[in-house]
Amino acid sequence: DNEVAKKAEEFEKQTDIKRLSSGRRVVLILGLICGVLACLTLLAPMSSITGKTCFKKFEVTDPPAEKLHGNPLNLANTAGWIVLGLGFVASLFLTLFYYWPGRSDSSESQEELINKEERR
């Protein structure tokens, strides 16, 4: 029980946004912005704004040769490509944030910090 509390406290310290480097903070915020914009674009009534929906109506039983002119990429309209692009960029930013070197933003590794805590 005490070990779980220590690990939870250490996790809170390591993920505190005030401790993050400015570069890591920027990457996190850009990932968040791209993700939110992708969701808003997907949920917005694009047909009333641009006259077209994000994606063409297509059923699994529809023949692609007729509905999509033989090209599956024709499934997305311009707004759909924007949604896909923003979602992809958000994923890249958040992956970069997760795998950022020195995730603890200190010279000590997480194992060293835990060992220090255990010695106290």
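Which helix holds Leu30? Leu30 is found in helix α2.

## About the model

This is a predicted model, in which local features need pLDDT of at least 70 and side-chain atom pairs count only at pLDDT 80 or more, while totals for chains, interfaces and linings use all residues. Residues are numbered from 1 along each chain as its sequence is written, and side-chain values use heavy atoms, with hydrogens and water left out.

## The chain as a whole

You will find six helices and zero strands here, running α-α-α-α-α-α from the N terminus. Helices (H or I, at least four residues) and strands (E, at least two) are DSSP runs, numbered from the N terminus.

Of the 120 residues, 19% count as buried, meaning under 20% relative accessible area; exposed means over 50%, and partly exposed lies in between (1.4 Å probe, protein chains only). Among contacts (heavy atoms within 4.5 Å) between residues at least 6 apart in sequence, 62% join residues at least 24 apart.

## A closer look at helix α2

Let us return to Leu30. Leu30 counts as partly exposed, because its relative accessibility is 34%.

Leu43 also has its place in helix α2, which covers residues 22-43. With a relative accessible area of 71%, Leu43 is exposed. The C-alpha atom of Leu43 is separated by 9.9 Å from that of Val83, a residue 40 positions apart along the chain.
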